[in-house]
Amino acid sequence: MSKPKIALVIGSTRANRFADKPAEWFAKLAREHHDIEIEVVDLRDFPLPFFDEVSSSLYVPSKSEVAQRWQKKVASCDGFIFTAAEYSRGPTGVLKNALDYAYSEWNKKPAGFVGYGGVGGARAIEQLRLHAVELQMAPVRNAVHIVWADMAQVMNGSKKLEEFEHLNQAAKGLLNDITWWAKALKAAREADAVAEEVRAA
């Protein structure tokens, strides 16, 4: 079995977003984890309109070319880690919209979160876990929570994320979870595909 491909999805598109810092830090750590392949996926590269399709792609193919390109990208991955900014006690609209623009492509794949904000993005992540379950994903227990006190030091240039040992430890826990679940679910999906071929023969 090939290495699971994990997408690190940057879940904010604001011009002055903080998301690039945790994405760069986490991607570096993930690339040291030799059991997975990591790809940074920036939602800026997929300028999805606010969801306006006839129905979910589960039922009707999307007409938007960007949506079709997004769905192919999601389908090509075996698991996902989302950077999760917290706005008004919830996730960004652009990330929720991106989740809504695919369905079967998310199924039976693990999801993890790197949150940041007043309480480390915890409230946004709790909501995203619920969305992940509805999309038939497997949200993992461990997450990274970058609280405002840590963010402030990074933003003013006095510290870098890699200098916070508690964040490094949290990232390792998340990577271990994602790796285990990605391997297990990839094997299960591949077994399902073989069984379906046998039934169809």
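I take two strands as paired if DSSP finds at least two bridges between them. The model I am reading is predicted.

**Entry 1: strand β1 and its neighbours**

I began with β1, residues 5-10, and looked up its partners. β1 pairs with β2, residues 37-42, in the parallel sense over six bridges. Within that pairing I found V9 opposite V41 of β2. The bridge partner of A7 in β2 is E39.

On β3, residues 79-85, I noted a parallel pairing with β1 over four bridges. Here A7 stands opposite F80 of β3. I therefore list A7 with a partner in β2, E39, and with one in β3, F80.

I then followed the chain from β1 to β2. Together with helix α1, residues 20-31, the two strands make a right-handed β-α-β unit.

**Entry 2: the two faces of β1**

Which residues of β1 point one way, and which the other? I put K5, A7 and V9 on one side and I6, L8 and I10 on the other. Side chains alternate between the two faces of the sheet in a regular strand. I next checked the cover on β1 and found six of its six residues buried.

**Entry 3: nonpolar cores**

I looked up the largest nonpolar core, which holds 30 residues. Its members that touch the most others are W25, F26, I81, V144, I146 and L174. At least two residues each come from β1, α1, β3, β4, β6 (144-147), α5 (148-155) and α6 (165-200). Nonpolar side chains tend to be buried together in soluble globular proteins.

I took I81 for a closer look and left out residues up to four places away in sequence. The contacts of I81 include I6, A7, L8 and V9. F26 is also in contact with I81, as are G112, F113 and V114. L174, L175 and I178 complete the list for I81.

V41 is the residue I had already placed opposite V9.

**Entry 4: the largest pocket**

How much space lies in the largest pocket? I read about 280 Å³. The lining includes K21, E24, W25, K28, L29 and E32. Further lining residues are V154, K159, K160, L161, E162 and N168. The largest share of this lining comes from α1, with five residues. W25 is on the lining list and also among the residues that touch the most other members of the largest core.

I searched for residues other than glycine with positive phi and wrote down K108, with phi near 60°. K108 sits in the loop between α3 (93-100) and β4 (110-117). Its relative accessibility is 43%, so I class K108 as partly exposed.

Q136 is another entry here, not a glycine and with a positive phi of about 60°. I located Q136 in the loop between α4 (122-134) and β5 (138-139). Q136 counts as partly exposed because its relative accessibility is 39%.

**Entry 5: V54**

Is V54 buried or exposed? V54 counts as exposed because its relative accessibility is 69%, and exposed begins over 50%. I placed V54 in the loop between β2 and α2 (65-75). From V54 to V74 I noted 20 residues in sequence and 20 Å in space, C-alpha to C-alpha.

Definitions and conventions. Residues are numbered from 1 along each chain as its sequence is written. This is a predicted model: local features need pLDDT of at least 70, side-chain atom pairs count only at pLDDT 80 or more; totals for chains, interfaces and linings use all residues. Side-chain values use heavy atoms; hydrogens and water are left out. Buried means under 20% relative accessible area, exposed over 50%, partly exposed in between (1.4 Å probe, protein chains only). A crossover is right-handed if, with the strands pointing away from the viewer, the path from the first strand over the helix to the second runs clockwise. A nonpolar core is a set of buried Ala, Val, Leu, Ile, Met, Phe, Trp, Tyr and Cys residues joined through side-chain atoms within 4.5 Å. Contact means heavy atoms within 4.5 Å. On a 1 Å grid over the protein atoms alone, a cavity is a set of points where a 1.4 Å probe fits but cannot get out, and a pocket is an open set with protein on both sides within 12 Å along at least five of seven lines; lining residues have an atom within 4 Å of a point. Grid points are joined across faces, edges and corners, and a volume is the space filled by probe spheres set on the points.
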